[in-house]
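Subject: Structure handover: aromatic pairs and a surface patch

Hi,

Here is the structure for you to look over. My notes follow below it.

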Amino acid sequence: MIIQTVLALASIIFSSSYDTVPKGFTSTIAVTVTNIEHHEGHIKAVLFDRSNFLSEKYVACIKIPAVQSQSIVQTAFSDITPGDYAVAIYQDLNDNNWFDRNWIGYPKEPFAMSNNLRPINMIYPDFDDAKIHLSGNETVKIDIELLNN
């Protein structure tokens, strides 16, 4: 009887979600990207948390085709749990699924960061300068201006 009770409890515990965010308490980040000058390739919007900022381990990625004569695109990251996040945008002009840079590391493709963070002296941006705080059950709207080369 004790073994059956322990097994039943273990089954409930391990099959349950440990998600501490109540249902309906997630947020959305609505992103408007402006200043699109090139009309080839794709615009990629990448959502990062602090632990994976600017790494290949992102929270979410949205790929949007660049459309002729369109200088603004809109997209959204939805069902995001409360916390701090940053958004990076780049335009993959040659569709190689890589953010191309020159030999010293400066971007060869248009890019942007949340809070319209601008690179200074080739230094990687700090997460705290780009972060967006989500409290939960909200939509945060951000405008990001693409930097063209």
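Which residues do ring pairs link into a cluster? They are F48, F53 and F127. Keep in mind that this is a predicted model.

Aromatic pairs

The structure has four aromatic pairs. One of them joins F53 and F127. Their ring centres are 5.3 Å apart and the planes meet at 80°, so this pair is edge-to-face. The cut-off for that class is over 60 degrees.

F53 sits in the loop between β2 (42-49) and β3 (60-65). F127 belongs to helix α2 (residues 127-130). The pair therefore ties together parts that lie 74 residues apart in sequence.

Both partners fall under the 20% limit for buried residues. F53 has a relative accessibility of 16%, so F53 counts as buried. F127 is buried too, with a relative accessible area of 5%.

Y90 and F99 make another aromatic pair. Here the centres are 5.2 Å apart, with 55° between the planes. That pair is tilted. Y90 and F99 are both buried.

Surface

W103, I104 and Y106 make a nonpolar surface patch. The patch covers about 420 Å². Where is I104 found? I104 lies in the loop between β5 (83-92) and β6 (111-113).

Best wishes

Methods: Residues are numbered from 1 along each chain as its sequence is written. This is a predicted model: local features need pLDDT of at least 70, side-chain atom pairs count only at pLDDT 80 or more; totals for chains, interfaces and linings use all residues. Side-chain values use heavy atoms; hydrogens and water are left out. Patches are made of residues with over 30% relative accessible area and no salt bridge: like charges are joined within 9 Å, nonpolar side chains (Val, Leu, Ile, Met, Phe, Trp, Tyr) within 5 Å. Accessible areas come from the Shrake-Rupley method with a 1.4 Å probe; for residues, only the protein chains shown count as cover. A salt bridge is a side-chain nitrogen of Lys or Arg within 4 Å of a carboxyl oxygen of Asp or Glu. Helices (H or I, at least four residues) and strands (E, at least two) are DSSP runs, numbered from the N terminus. Rings of Phe, Tyr and Trp (its six-membered ring) pair if their centres lie within 6.5 Å; planes under 30 degrees apart count as stacked, over 60 as edge-to-face and the rest as tilted. Buried means under 20% relative accessible area, exposed over 50%, partly exposed in between (1.4 Å probe, protein chains only).
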